[in-house]
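Hi,

Here is the structure I promised to pass on. Have a look at it first, and then read my notes below.

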Amino acid sequence: MSDDTEVHLEARLAEQDEFEPPESFVEQANVTDPGIEDEFEDNWPEAWERAADLLDWETDYDEVLVDDNEPFYEWFVGGELNASANCLDRHLDDRGDEPAIEWIGELGETRTYTYEELHREVNEFAAALRDQGVTEDDVVAMYMPMIPELPIAMLACARIGAPHAVVFAGFSADALAERMNASDSEHLVTVDGYYRRGDPLDHLSKAREGREQVDGDVTTVVVDRLGEESPADVAGGEHVYGDLVEEHAGATVEPVTRDAEDMLFLMYTSGTTGKPKGVKHTTGGYLSYVTWTSHAVLDVKPEDTYWCSADIGWITGHSYIVYGPLALGTTSVMYEGTPDYPDKDRLWEIVDDYDVTQLYTAPTAIRAFMKWGPEYPDRHDLSSLRLLGTVGEPINPRAWKWYYRHIGNEECPIVDTWWQTETGGMMITTLPALNTMKPGSAGPPLPGISADVIDPSGDPVEAGRAGHLVVNKPWPGMLRTLYKNDERFINEYWDEYSNPERDQWVYFPEDGAKIDDDGYITVLGRVDDVLNVSGHRLGTMEIESATVGVEGVAEAAVVGGDHEIKGEAVYAYVITEDGQEESEAFREEIIAAVEDAIGPIARPEQVIFTPELPKTRSGKIMRRLLEDIANGDELGNTSTLRNPDVVHDIQQKVSSE
Ligand code: WT7
């Protein structure tokens, strides 16, 4: 394309703020009936049967929703099913020889698991887990990177009715131990190591270090990923995954019948306090919900090659790499590596090689692609793509349009999907064949989802004004509670707005948002002390507690500052104890402590030593002010501070670094 045409196109796109679903997409889409909105409205909650109908039930449910004990809602009550049977067994007749998982390793090696093969290995590993003493309702922790054994282990657990608790492999040993202890988990599936940018990385030592801090005995299974290059040998008492599967070759395990409301898994996520929350998801409601949204929003069809580039260690991977896509019998791509290794066209090479039909990724990745430039996607044929998606944080219109044009060639709808670990699946997004897209705005709530933006007194805000996002009705994929902590569950999500006066239940996701005249919601970001770093959710309290744990630190405040690629970055303001030198070495020590407590994703961008923190007269740290300082923004009124002079000192320190 000539430079002139290019400039012309960019200018046209820059001005356009509404986009219609491409005709070629609409013609073949799963959901095209505009009446769906009314159907959900007029026939709520029964309309949710649509989602449940996408699954195979061993026993039909008696009631769609039981809501007489809010906020402890129950969905598809009386129904019985097994998640692994829904993701595997029921596809064997029609799709047994078709790929379920296309795995691409960091070193470029590949593995294909057909539904038949995946079913076989899941059965074998399920039999092995049983032999290890895992029984129904035992929580099995998994601490693994993006290798096929992770979804296999998840589905094996689902098969025997043992909930899994997957811990992101980038989390530290301490984080693993904390989650295993909190979930009473006595079983661990992990890996010897994995590759990053071509180099082998020891993971087993980290897993062991975590396991040592777990109360009680832990049975351990180790996947051999590195072979000869393994830096740590499997030791006495640990089992090698490959050996177990071999010993159980050909074994079959009947899928255990699970009640719709039985726990499918736990997923720990950050909240306002230092302690991660154990979000509980169920077999019937969650599986129906992610299957329905994969069908309606991602437009997944069995013959697709669908790719979600998230990590299975987060909820996105659970819902939209494993459960949703496999329940629909499609081919799900799994990529172990990073987008810029061996080169910055890695993702586009994979799209081209595998004829990927949908790509679901995060704004942080899109911002990086934009920075690298269109020459990387331009090297490849991306015409197999039919739909694009984003999730994890707000996407700015410029990045949206770049994605639309340079990846989607203006022929793919983009779904900007707002949701959370707690919601299980997508909540606010356009339906790709039905709704106009407005870059920067996620869209309307999905049919059947009732969301609004309200002011502090609980009334809806005017169009264009910022307020708090709330969800007013339950939905099948919602969390049921926080593991063994109903009280925290109620306090965290309901207290604020569900006051008895208004007598209405509302779920508060802790996000700020705006709504426009068409009911499109633009999510602005968290209103609590939770950061979003590259789409990863981190609690400032967790980072603060790691920081103050370092000897020589008297006090610390952690806030998020703007970051071009990551969205937000961690800024740690630290007051040292008397006599502690404010040296580079000490700064490194603090950074290392944060990495040890949480993981490299929480690594502070800057550690700023300061003699004081800005505090209100009542002694509360003014976090907003610290954010403004980190961003180099103009500061608002500082007269309410007890110590206004400190602000200038801190500003100088930040700008000199
Ligand atoms: C938080 C949830 C949903 C899976 C990945 C993150 C932010 C998520 C969007 C979006 C604006 C978004 C919110 C939310 N978020 N998607 N499309 N637009 N913000 O799950 O770790 O539970 O984080 O991510 O702030 O509360 P999570």
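To get you started: which residue in S28 stands opposite Val558? The residue facing Val558 is Ala572. Before you go further, keep in mind that this is a predicted model.

That pair sits in a hairpin, in which three residues join S27 to S28. S27 covers residues 553-563 and S28 covers residues 567-576, and the two run antiparallel with 10 bridges between them.

Now the sheets. One of them is open and has seven strands, ordered S5-S4-S17-S16-S18-S19-S20, with mixed pairing. Its edges are S5 (110-114) and S20, each of which pairs on one side only. On average, neighbouring strands there are turned by 20 degrees against each other, if direction is ignored. Inside this sheet you can pick out a parallel pair: S16 (residues 305-308) and S17 (residues 331-335) share three bridges.

Another open sheet is built from four strands in the order S21-S22-S23-S24, and its pairing is antiparallel. S21 (451-454) and S24 are the edge strands, pairing on one side only. The twist from one strand to the next averages 45 degrees. Four bridges hold the antiparallel pairing of S21 with S22 (residues 466-471), and Ala451 has Val471 of S22 across from it.

Then there is the ligand.

- The side chain of Asp511 has an N or O atom 2.7 Å from an oxygen atom of the ligand.
- For Gly392, a backbone N or O atom is 3.1 Å from a ligand nitrogen atom.
- Pro394 also places a backbone N or O atom by a ligand nitrogen atom, at 3.5 Å.

Taken on its own, the ligand has 550 Å² of accessible area, and the protein covers 95% of that.

On the aromatic side, the structure holds 29 pairs. Take Phe125 and Tyr241: their ring centres are 4.8 Å apart and their planes are at 50 degrees, so this pair counts as tilted. Phe125 belongs to helix H7 (residues 115-131) and Tyr241 to helix H11 (residues 241-247), so the pair ties together parts that lie 116 residues apart in sequence.

Trp44 and Pro45 are joined by a cis peptide bond, with omega at about 5 degrees; Pro45 is in the loop between helix H3 (36-42) and helix H4 (49-52). Tyr341 and Pro342 are joined by a cis bond too, with omega about 0 degrees, and Pro342 is in the loop between S17 and helix H14 (346-354). Glu410 has a positive phi, near 60 degrees, although this residue is not a glycine. You will find Glu410 in the loop between helix H17 (397-407) and S20.

Happy browsing!

Terms used. Residues are numbered from 1 along each chain as its sequence is written. This is a predicted model: local features need pLDDT of at least 70, side-chain atom pairs count only at pLDDT 80 or more; totals for chains, interfaces and linings use all residues. Side-chain values use heavy atoms; hydrogens and water are left out. A polar contact is a pair of N or O atoms within 3.5 Å; within protein, one must be able to donate a hydrogen and the other to accept it, and residues adjacent in sequence count only if both atoms are side-chain atoms. Accessible areas come from the Shrake-Rupley method with a 1.4 Å probe; for residues, only the protein chains shown count as cover. Two strands pair if DSSP finds at least two bridges between them. Axes are lines fitted to C-alpha atoms, for helices over the stretch in contact, and angles run from 0 to 180 degrees between N-to-C directions. Rings of Phe, Tyr and Trp (its six-membered ring) pair if their centres lie within 6.5 Å; planes under 30 degrees apart count as stacked, over 60 as edge-to-face and the rest as tilted.
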